[in-house]
Amino acid sequence: MTLATTLHLAGISAEPVWAWDAILSRELTGRVIATGYLDGTYGYLPTAPMLREDGYEVRRLMEVYGLQGRFRPGFGSRVCEAWAALVRTPAS
């Protein structure tokens, strides 16, 4: 949702880490506030550097949320693209 020409509120059904604010602000025009826990939470949304670190958030939290699998390479770009498409879509 665009609140002003330089301020966007980006929500997702996940638990995004704080770094998504900075990532999305670089990718989109203006300041972005990324928020989570919307319409149920599927799980934790780390960043690509966190995947390389392979810490608790990447490995153990999948189990906490009852998920199996791994994040695919390039997932961060897909998340940014999806959020950018939502920001460009006018609110109805």
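The lining of the largest pocket, sorted by class, comes to 5 nonpolar, 1 polar and 4 charged residues. Here Ala, Val, Leu, Ile, Met, Phe, Trp, Tyr, Cys and Pro count as nonpolar, Asp, Glu, Lys and Arg as charged, and the others, Gly among them, as polar. This is a predicted model, in which local features need pLDDT of at least 70 and side-chain atom pairs count only at pLDDT 80 or more, while totals for chains, interfaces and linings use all residues. Residues are numbered from 1 along each chain as its sequence is written, and side-chain values use heavy atoms, with hydrogens and water left out.

Back to the pocket. A pocket, on a 1 Å grid over the protein atoms alone, is an open set of points where a 1.4 Å probe fits, with protein on both sides within 12 Å along at least five of seven lines; lining residues have an atom within 4 Å of a point. The largest pocket holds about 170 Å³ of space, the volume being the space filled by probe spheres set on the points, which are joined across faces, edges and corners. Its lining residues are L51, D54, V58, R59, M62, E63, L67, G69, R70 and F71. Helix α3 gives the most to that lining, with 4 residues.

So, α3 next. It covers residues 56-64; helices are DSSP runs of H or I, at least four residues, and strands are runs of E, at least two, numbered from the N terminus. V58, L61 and M62 of α3 are buried, meaning under 20% relative accessible area, against over 50% for exposed and partly exposed in between, with a 1.4 Å probe and protein chains only. These three sit on the same side of α3, because they cover an arc of only 115° around the axis, taken from the directions from the helix axis to the C-beta atoms. The face turned away from the buried side of α3 carries E63 and V64, both exposed. What do the buried residues of α3 pack against? They pack against β5 (44-45) and α2 (48-53). Just after α3, G66 has a positive phi of about 75°.

Between β5 and α2 there is a loop, and T47 lies in it. T47 is buried, at a relative accessible area of 6%. Leaving out residues up to four places away in sequence, T47 touches V17, A19, W20, I23 and F75, contact being heavy atoms within 4.5 Å. W20, with neighbours within four places set aside, contacts T47 and others, including A34, L45, P46 and W83.
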